[in-house]
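Here is a short briefing for a first look. Start with the sequence and the structure, then read the points by topic.

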Amino acid sequence: MDNESTYSGYSYKSSHSRTSRKNRERRDRHRLKNRDGSIRGDKSVMIQAPGEPLLDPESTIADDRDDNWGETTTVVTGTSVDSISNEDLTRLSKDLEDSLPLDCRRYISPVLGAILGLISVITPLAFLALPQLLWRDTLDSCGTPCEGLYISLAFKLLILLISTWALFLRPSRATLPRFFVFRCLLLALVFLFVASYWLFYGVRVLEPQETDYRGIVGYAASLVDALLFIQYLALVLLEVRHLRPAFCLKVVRTADGVSRFYNVGHLSIQRAGVWVLDHYYSDFPVYNPALLNLPKSILTKKMSSFKVYNLEEENTNNSTGQSRAMIAAAARRRDNSYNEYYYEEAEVERRVRKRRARLVVAVEEAFTHIKRHQDEETPTSSPKHSREVMDPREAAQAIFAPMARAMQKYLRATRQQSYHTMESIINHLQFCITHNMTPKAFLERYLSPGPTLQYLENNRGRQWTLVSEEPVTASLRQGQVFCLKRLDFALVVKVMPLPFLRLAEEFIDPKSHKFVMKLQSETSV
């Protein structure tokens with residue numbers, strides 16, 4: 001047992017130096033590279049860090065060890081220098097989302113719907129215009145009945161245009177991974193309906209050059225009536241059907257466990273995901289990865305749970321007693337770690353309350369240094385010099401200096417410094433000064449975490465991934481679970497049906513409300 005330690009079921013401390021371990025690792029890399037896949041049965045996995053050379057000049061040194069030495073050797077790994085934190089992941093996700101190009105699928109459905117709607121509105125007018133242009137001289141006179149149909153057709157088309165604009169011509173707030181089934185069904189129905197009307201019009205009117213113009217006008221009016229009924233069907237399917245609550249959605253954010261409950265109607269999985277995201281940005285507090293880390297005193301604490309053997313000393317009783325003492329000490333430290341965490345949290349809360357009090361006092365004093373300038377001042381007041389009058393921007397910059405240090409310390413204590421820059425604080429202060437807000441109104445944004453929508457820097461969409469075991473076009477049902485993922489966290493949604501309620505009626509006679517005083521012998525009245 002010259003260069004290797006015997007594996008005994010427990011972890012052990014090798015007596016080799018750091019240089020010998022590095023040589024063994026280099027020789028292991030060299031052997032894994034030169035052997036043509038024969039090492040796949042070993043239990044070791046090698047990860048090549050980016051920027052690190054795969055082989056170095058000393059890795060070509062051969063050794064005389066056996067082939068299974070990799071399974072009986074402990075490899076000590078170190079901490080990577082190029083680590084990444086949760087804040088870096090959040091910043092990276094924001095950069096990736098801002099660099100994404102506009103998705104063309106966002107405009108496919110509105111453009112197709114607008115083209116089809118325009119064709120369906122122009123079709124009745126074309127039915128009336130084509131006979132007047134092609135065989136005007138052979139048409140029969142219509143008279144008063146046609147004029148009444150003209151007025152009815154004009155008002156029906158106007159109602160159709162207004163309702164189409166209100167129902168369909170709205171900017172979409174999200175792009176769905178699959179097409180909306182009901183919308184596609186309605187578009188296909190309108191297309192087939194208009195195409196069948198054109199086909200019948202070509203066969204019955206254009207080809208024989210029909211001379212009964214009153215019948216042609218009635219034919220066009222019937223098309224407008226049918227389009228109005230299709231629009232009523234679209235209103236029921238797209239806007240009314242999901243208004244009645246049928247399911248309860250439990251939404252849990254995986255990073256910090258924040259949860260909310262929402263009642264929804266009959267929706268598909270993808271539409272339910274969009275509905276959840278709409279409420280997420282206004283109901284959930286902003287995700288702050290810095291609040292998820294444990295205190296540094298606990299994270300940096302090294303607790304050893306290894307049993308140590310000293311193979312070179314002859315006195316094994318002392319080494320065994322020493323190892324048992326180390327294990328007992330490590331167990332005591334592990335059991336007392338919650339105590340340290342409790343006191344660390346108490347210290348953080350005390351520091352936050354102290355810096356919050358300093359910030360409130362500093363802001364109150366800063367707001368007392370300015371007041372709104374009145375143009376109609378009384379003669380008894382002292383005249384003001386023109387350079388003393390400031391606009392809201394200058395006033396905000398002037399009173400920001402006394403509170404800047406207290407604000408900076410408070411934001412660092414609450415770990416909000418990544419969400420509030422100096423420019424954003426000055427802009428918010430300018431807004432509060434312009435609208436005569438109090439110091440408490442100014443501090444509301446910083447003393448309590450706001451919703452996620454408050455911290456969005458621009459109006460560009462956020463990239464989410466919908467993960468579901470079922471097709472996203474399927475309707476919601478009991479026990480269904482789907483996930484909305486981002487780079488740094490995810491929203492897990494569980495579907496629960498609302499209970500069926502049974503209400504019973506019980507009648508109470510108003511004359512039955514009569515009472516009697518109960519008197520006891522020792523009661524004084």
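Predicted model: local features only at pLDDT ≥ 70, side-chain atom pairs only at ≥ 80, totals over all residues.

**First look: charged pairs, cores and surface**

R351 is partly exposed, with a relative accessible area of 30%. R351 is also one partner in a salt bridge with E347.

**Salt bridges**

- The count of salt bridges comes to 6.
- In the bridge between E347 and R351, the N to O distance is 3.8 Å.
- These two residues are 4 apart in helix α10, so about one helical turn separates them.
- E347 also meets R350 in a salt bridge, at 2.6 Å from N to O.
- R350 and E347 lie 3 residues apart in helix α10, which spans residues 337–367.
- R350 is partly exposed at 39% relative accessible area, and E347 is partly exposed at 31%.
- Another salt bridge joins R477 and E470, whose closest N and O atoms are 2.0 Å apart.
- R477 is partly exposed, with a relative accessible area of 41%; E470 is partly exposed as well, with 24%.
- Through shared partners, salt bridges link E347, R350 and R351 into one network.

**The chain as a whole**

- The protein chain has 13 helices and 5 strands.
- It has 525 residues, and 26% of them count as buried.
- Take the contacts between residues at least 6 apart in sequence: 75% of them join residues at least 24 apart.
- The accessible surface of the chain is about 36,900 Å². Carbon and sulfur atoms account for 57% of that surface.

**Nonpolar cores**

- In soluble globular proteins, nonpolar side chains tend to be buried together.
- Here the largest nonpolar core has 25 residues. F127, L128, L153, Y201 and Y213 have the most contacts inside this core.
- Helices α3 (105–134), α4, α5 (181–206) and α6 (213–240) each supply at least two residues of this core.
- Which helix gives the largest share of this core? Helix α6 does, with 10 residues.
- Y213 touches L128, P131, Q132, L139, D140, C146 and Y150, leaving aside residues up to four places away in sequence.
- A second, separate core has 24 residues, including Y262, L484, L491 and V495.

**A nonpolar patch on the surface**

- Y150, I151, F155, L158, I162, W165 and L169 form a nonpolar patch on the surface.
- Together these residues have about 770 Å² of accessible area.
- One of them, I162, is found in helix α4, residues 144–167.

**Cysteines**

- How many disulfides does the structure hold? The number is 0.
- Is C248 buried or exposed? C248 is buried, with a relative accessible area of 14%.
- C184 is partly exposed, at 34% relative accessible area.

**Positive phi in two loops**

- Q209 is not a glycine, yet it has a positive phi of about 55 degrees.
- Q209 sits in the loop between α5 and α6, and it is partly exposed at 43% relative accessible area.
- N436 is not a glycine either, and its phi is positive at about 55 degrees.
- N436 belongs to the loop between α12 (422–434) and α13 (439–447).
- With 53% relative accessibility, N436 counts as exposed, because the cut-off for exposed is over 50%.

Methods:
Residues numbered from 1 in each chain as written. Heavy atoms only, no water. Patch = residues over 30% accessible without salt bridge, like charges linked within 9 Å, V, L, I, M, F, W, Y side chains within 5 Å. Areas by Shrake-Rupley, 256 points an atom, 1.4 Å probe, with all protein chains shown as cover. Salt bridge = Lys/Arg side-chain N within 4 Å of Asp/Glu carboxyl O. Disulfide = S-S within 2.5 Å. Buried < 20%, exposed > 50% of the residue type's maximum accessible area, 1.4 Å probe, protein only. Core = buried A, V, L, I, M, F, W, Y, C linked by side-chain atoms within 4.5 Å. Contact = heavy atoms within 4.5 Å.
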